[in-house]
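User: Hey, I'm new to this one. Can you walk me through a few spots in it?
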Amino acid sequence: MPSEAFNIAIIGFGPKGFYGFERILAFLKKYNITSDVNIHLFNESEAFATGWVYDVNQPDYLLMNYPNQFISCAPASDPPALVTIPSFTSYISKRTGNSEDYENSQIAPRKEVGAYLSYYFNKLKDVATPSIKIYTYVARVYAIHKIESGYRIDAKSFGKQVIVDKLLITTGHSPSIISKKTTDDSTDATIPFVYPFSEKLTGIKSQAIVSCKGLGLTAIDTILGLTEGRSGYFKKIDGQQLMYYKSGLEPKYILPFSRSGIPIIPRGNHTTKQKQISFYFKCFVSGIKNTTTIFDFESELLPIVEQDIIASFYFQLFENKNISIDPDISFDELEKRILVFHKENPEVKRFSVNELYNPNQIEGKNTDFSVIKYWKFWVTENSNPTSPYVAAASAWRFISDDFNFLYSTNRLTPESKNFFQKSYFGLFNRISYGPPVQNIEKMIVLHNAGILDFTFVKSPIIKKENEKFIFCSNTETIEVDYLVDSRLPRGFSKEAPVIFNNSSDGLFSVEEKSIDYNELRCTADGSIINQNDTINKDIVCYGTPTENTLFDNDTLSRKHNDTVTQWAQNTALLILKNTNRLTATNEY
């Protein structure tokens, strides 16, 4: 038998790290490996398997943005996990006593999903064979160095040296991907990253004026953290009208803003029943899979994406009006049918994709009222299970898998891939991956209570004078006490204290997107690409670090962009090969 253990490291241990841990245990069992294996798990906090997104200690009001039935940590392929991992619906129904049918459509607090992840992580640790030693470290890994015996992991607040043979990097979104300069230059008045709330938002004084950069999911978390998280509460009057009751600990005003000034679109309870109804992009991708053609996103792919958005709207509208239409109709023929329909029904406004991209409700001087009008419109539409607008907004969710095929196989020109990342990645997330309706209803009520103010929502001019931020619109000016960046950063700057910047030996290479924005280079299977352009399969990335190559890495998905299953199998086979070779040598 071999005299030395095989060492594996997983760096960043949120849900993706947990999935990697589950897969390596499953493949070690599949190949009946009984030699010594050490698995080293590194995480920046004690929230192993959950990360800060699903931390079990966060408040109940931080919700998932989709229903329970879409959540499962069970592996999507063989071999099976060492313990049976049920769907989240099955797990939570046993905890609550509610039926699975009921729980399927519910939207759970993120802490409940964290409890689910944590429970099965601990179960897996408990059933691992004695030859598998599992080590957990609460430490930030800041560098990886290639040495003769493997890879040396350097971590802060860490007293021992760890040398490993194989690594999985699943670092996700974290404050460390912000530039070191941004972090060092931050003051009590600037907050460059909002998680965890218990640390980052507590310094904001009651009755202060707070600006909130971003109008997405993280911004909504931040706004709730500064209101409901400070002992304010929401309550329905007569079981219908939602009201907010102030605690006095909230900010005086919260001023959200973004470059476009267009807020995120919510999703309603009917999301689970929606199905794909337009297939123009799917048919296009099917027709070119066996070719090597590359495409310009804006001129060649976006028009087909927009065909599906328009078709989704009109297929639903025609069904609502009992107008029969062949789902396989060409888009040219569909446009003719749309033209005829509007001639016969001039009172029905013609739909344009611009209503999703840059809606007219946001334009004009009365911006404060317009954002609320926009949200109220989408709350109403989401209450209708046959809303053409909701069908159109959902189209991208059904297109994204086919788009990811083009994205991950380098079928976009480099220039248009960068253009997509800069101009459309966030836009489509805003349209199709919004929060539950109840969170937007809370935003509307906070506006009615005078706390949430959209006066400066679109690209305000920001100046700094005497430790105060001055926000200016075309007509108004206000002094702001705190500037909070409530966005999830993508990529990392050259100065960011991340392993991709700090590791020596040319292990990692990056693609420069702008002066202060880089993304990691890796293959479609997650293997890193060294600075000499060689592929290193010893180090594999999963999730957020792969986003330059793989599109839309859903945190909880076990199917989407799964680079971890192959990594785990390859690692287990290597251990088996080494074990057999050493055993044969010893026998000889």
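User: Where is Ile528 found?
Analyst: Ile528 lies in strand E19, residues 527-529. Strands here are DSSP runs of at least two residues, helices (H or I) of at least four, numbered from the N terminus. This is a predicted model, where local features need pLDDT of at least 70, side-chain atom pairs count only at pLDDT 80 or more, and totals for chains, interfaces and linings use all residues. Residues are numbered from 1 along each chain as its sequence is written, and side-chain values use heavy atoms, leaving out hydrogens and water.

User: Is Ile528 buried or exposed?
Analyst: Ile528 is buried, with a relative accessible area of 0%. Buried means under 20%, exposed over 50%, and partly exposed in between (1.4 Å probe, protein chains only).

User: What does Ile528 touch?
Analyst: Not counting residues up to four places away in sequence, its contacts (heavy atoms within 4.5 Å) include Leu507, Phe508, Ile539 and Cys541. Ile528 and Val540 are 12 residues apart in sequence, and 6.0 Å apart C-alpha to C-alpha.

User: New topic: where is Arg558?
Analyst: Arg558 is in the loop between strand E20 (535-541) and helix H18 (564-587).

User: And why does Arg558 count as buried?
Analyst: Because its relative accessibility is 8%.

User: Which side chain does Arg558 join in a polar contact?
Analyst: That of Glu22, at 2.9 Å. A polar contact is a pair of N or O atoms within 3.5 Å; within protein, one must be able to donate a hydrogen and the other to accept it, and residues adjacent in sequence count only if both atoms are side-chain atoms. Beyond its neighbours within four places in sequence, Arg558 also contacts Tyr19 and Pro75, among others.
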